[in-house]
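Visitor: I would like to learn how to read a few local features of a model, taking one feature at a time. Could you guide me through them?

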Amino acid sequence: MLKIDHVVHFLDRDSSCAAEAFSTEGIVVAAGGSHERWGTKNSLCYSADGTYIEWLSIENPDIAADCDNPLIRQQISDLKKGEGFGQICLRTNDIEQLAESLTVKGFSCRIFDGQRKKTD
């Protein structure tokens, strides 16, 4: 099973700006946390079915510049052209099986252990 999990919007400013911008419209955007190994942080807006928008910003440029995560590499490159949507992320029940299936079909797959540190 594949479903949309979230979309990532790259920001060239602090991700908390999303909460400020949307709160005036009554849309709740929460602080997500810091991805300390990637040098990024995010804010999140969830829908009723659990899908969400992730606003991703660079928190530590030195760590981000040395990061080997393709998402962060893409963000650094794309931000040279400006802010905007960067990736659509999919949800699956069996990520290892999906990666194997895609590899057999000629795609390059890498599974990342995504972690974030929240204020709580």
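Guide: Leaving aside its neighbours within four places in sequence, N69 is in contact (heavy atoms within 4.5 Å) with W38 and F112. This is a predicted model, in which local features need pLDDT of at least 70 and side-chain atom pairs count only at pLDDT 80 or more, while totals for chains, interfaces and linings use all residues. Residues are numbered from 1 along each chain as its sequence is written, and side-chain values use heavy atoms, with hydrogens and water left out.

Visitor: Where does N69 lie, and is N69 buried or exposed?

Guide: N69 lies in the loop between α2 (61–66) and α3 (70–78), where helices (H or I, at least four residues) and strands (E, at least two) are DSSP runs numbered from the N terminus. Buried means under 20% relative accessible area, exposed over 50%, and partly exposed in between, with a 1.4 Å probe and protein chains only. N69 counts as buried because its relative accessibility is 5%.

Visitor: How is a pair of aromatic rings described, and how many aromatic pairs does the structure hold?

Guide: Such a pair is described by the distance of the centres and the angle of the planes. Rings of Phe, Tyr and Trp (its six-membered ring) pair if their centres lie within 6.5 Å, and planes under 30 degrees apart count as stacked, over 60 as edge-to-face and the rest as tilted. The structure holds 2 aromatic pairs. F22 and W55 form a tilted pair, with 5.3 Å centre to centre and 40° between the planes. This pair links distant parts of the chain, since F22 is in helix α1 (residues 17–23) and W55 in strand β4 (residues 52–58), 33 residues apart. F22 counts as partly exposed at 30% relative accessibility, whereas W55 counts as buried at 7%.

Visitor: What values describe the pair of Y46 and Y52?

Guide: Y46 and Y52 form a tilted pair, at 4.8 Å centre to centre and with 45° between the planes. Y46 is partly exposed, with a relative accessible area of 48%, while Y52 is buried, with 17%.
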